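Colleague: I have not looked at this one before. Can you walk me through it?

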Amino acid sequence: MMISLYSAATGMSAQQLKLDTIANNLANVDTTGYKRMRVEFQDLLYQYAKNPGTPTAALSSTPTGLYVGHGVKTAATTRIFTLGNFEQTGNALDLAIAGDGFFQIQLQDGRIAYTRDGSFKVDSEGRIVTANGLPLIPNIEIPENAVSISVSPDGVVSVELQDGSVQELGTITLVRFVNPAGLKAIGDNLYVATPSSGEPIEGTPGQDGFGSIKQGFLEKSNVDVVREMVDMITAQRAYEFNSKVIQTADDMLRTISNLKR
Amino acid sequence: MTRGIYNAAMGMLIDMAKVDRIANDLANVDTVGYKRDTQAFRAYLRREIYRLEARPEKKRVERIPIGPLEYAVVLDEVRPDLTQGVLEETKVPYHLAIDGEGFFAVEFNGTVYYTRNGEFEVNEEGYIVTNYGGYLLDENGERISFFDGFVVDLHGFVRDAQGNFVTRIGIYSIENPSKFANTLFTGENPSPSQNFRILQGYVEKSNVDALKAMVELIAAHRHFEIAQKALLTHDEVNNKLINSLATLK
């Protein structure tokens, strides 16, 4: 049977995955701290009927050979960690990282997760927690008699108490990774480290390449809607091209079977 | 005359090879660094045709050449078409695109391959790698580390945030590039390329021209049907030959 049927089918499933990725990017266009995904494709193995360099005569050889390709495969879906836009919210516990770095979050099972979503809240015990109630690391407890909370660009959290005195509570530290694209997303804007991301490197905001903390801001998603729409158009058309190839190959096979009457 | 049937059938086989090639090109219409294929065909057999003319005055028959007749067609070779693909801006600092001649050198499983796919990543050791773990090499054949403030200029020089020279990305011209897979090429006699620009934060898209591929698909499809008609016509002539001409009445 014709190889083109299978090559075109690989093309269609690749474009389908691309569309799935675009759909997820667009669905998260307004998710705080979301980083867009990108699909990477590669061509499949080639079947060589004649290898390059096959002798054709005593002193000559074919320069290029004769081969046919087998379509495309998805090599990877990578997350692109470029900065998103900052939105001013004025909320004291909305923190954005202006540059490299992740907040550390304590998961219920004891593991540590990492996030760039800095929309923190205070829970009933006074701890700084994510929107899902998971506590920030290092643990910072806001006293009951605090009037206002301020977070400096280098991560120092301090509160003004009812009597007008200022109390320093601690410093929010950030971590970074050699290869942030190797982090594994576990949903809820959280990532966990993997062997490919490398070990987390802890540091102070605003130093050693870490971004500084901007209080009262949130980092929006870095999804560019125009780019996603253009990608969606190309994915749809590429899907159509491949389906036309399947139709053509099918038509040719029917013609062959009709040769014998 | 069964020769015509085989000629037509070989024409149909060629169209199937064309559709197979177009299918692979179109499947890779969105593959970064992919280069489309071109196919070259040649006549299977070329034979001189003569007219025989009686020359009674010379008491012999003379052969007067009419011209060559080409029988059938076969696929001779397939080679990658290395024309430049469109550059797409990704803004990812470790994505690189070559505008011009040459290939990146990539070390994968101990072998050096060449590629135009600049969709690189950074691995856990901090090296710039392809998405299947092949290391990008500099002009001395060494692996390249990614760091903060990594800047690549148009000539492929890697500089740090202060503008200090770190290394230079190796861009090579190769002879007889042939496709391996994973957008990798193998080739002979690598030599440093001269005519190129390196663009950081860009990737080179596939150079498959979808319009051209679709036109070629239509052409191959219709040519296939024409060849099929020729085959059937020959078949009918044979049918007449067998059932009408040779009928004894």
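Colleague: How many bridges join strand 12 of chain A to strand 13 of chain A?
Modeller: Strand 12 (residues 146-151) and strand 13 (residues 156-161) of chain A are joined by 5 bridges and run antiparallel. Two strands pair if DSSP finds at least two bridges between them. Strands (E, at least two residues) and helices (H or I, at least four residues) are DSSP runs, numbered from the N terminus.

Colleague: Before we go on, what should I know about the model and the numbering?
Modeller: This is a predicted model, where local features need pLDDT of at least 70 and side-chain atom pairs count only at pLDDT 80 or more, while totals for chains, interfaces and linings use all residues. Residues are numbered from 1 along each chain as its sequence is written, chains are lettered from A and ligands numbered from 1 in the order in which they are written, and side-chain values use heavy atoms, leaving out hydrogens and water.

Colleague: Back to the hairpin. Which residue there takes a positive phi?
Modeller: A:Gly155, with phi near 90 degrees; the hairpin has 4 residues between its strands. In the pairing, A:Ala146 stands opposite A:Leu161.

Colleague: Where is A:Pro138?
Modeller: In the loop between strand 11 (136-137) and strand 12 of chain A. The peptide bond between A:Ile137 and A:Pro138 is cis, with omega about -5 degrees. Most peptide bonds are trans.

Colleague: Now helices. At what angle do helix 2 of chain A and helix 2 of chain B pack?
Modeller: About 5 degrees, with axes 11 Å apart. The axes are lines fitted to C-alpha atoms over the stretch in contact, and angles run from 0 to 180 degrees between N-to-C directions. The two helices are therefore roughly parallel, a term for angles under 35 degrees.

Colleague: Which residues make that contact?
Modeller: Among them are A:Phe241, A:Met252 and A:Leu259 from chain A, and B:Met214, B:Phe224 and B:Leu232 from chain B. Contact means heavy atoms within 4.5 Å.

Colleague: How far does helix 2 of chain A reach?
Modeller: Its 35 residues (225-259) reach 51 Å from first C-alpha to last, close to the 51 Å expected. The expected span is 1.5 Å times one less than the number of residues.

Key:
Angles under 35 degrees count as roughly parallel, over 145 as roughly antiparallel, 65 to 115 as roughly perpendicular and the rest as oblique.
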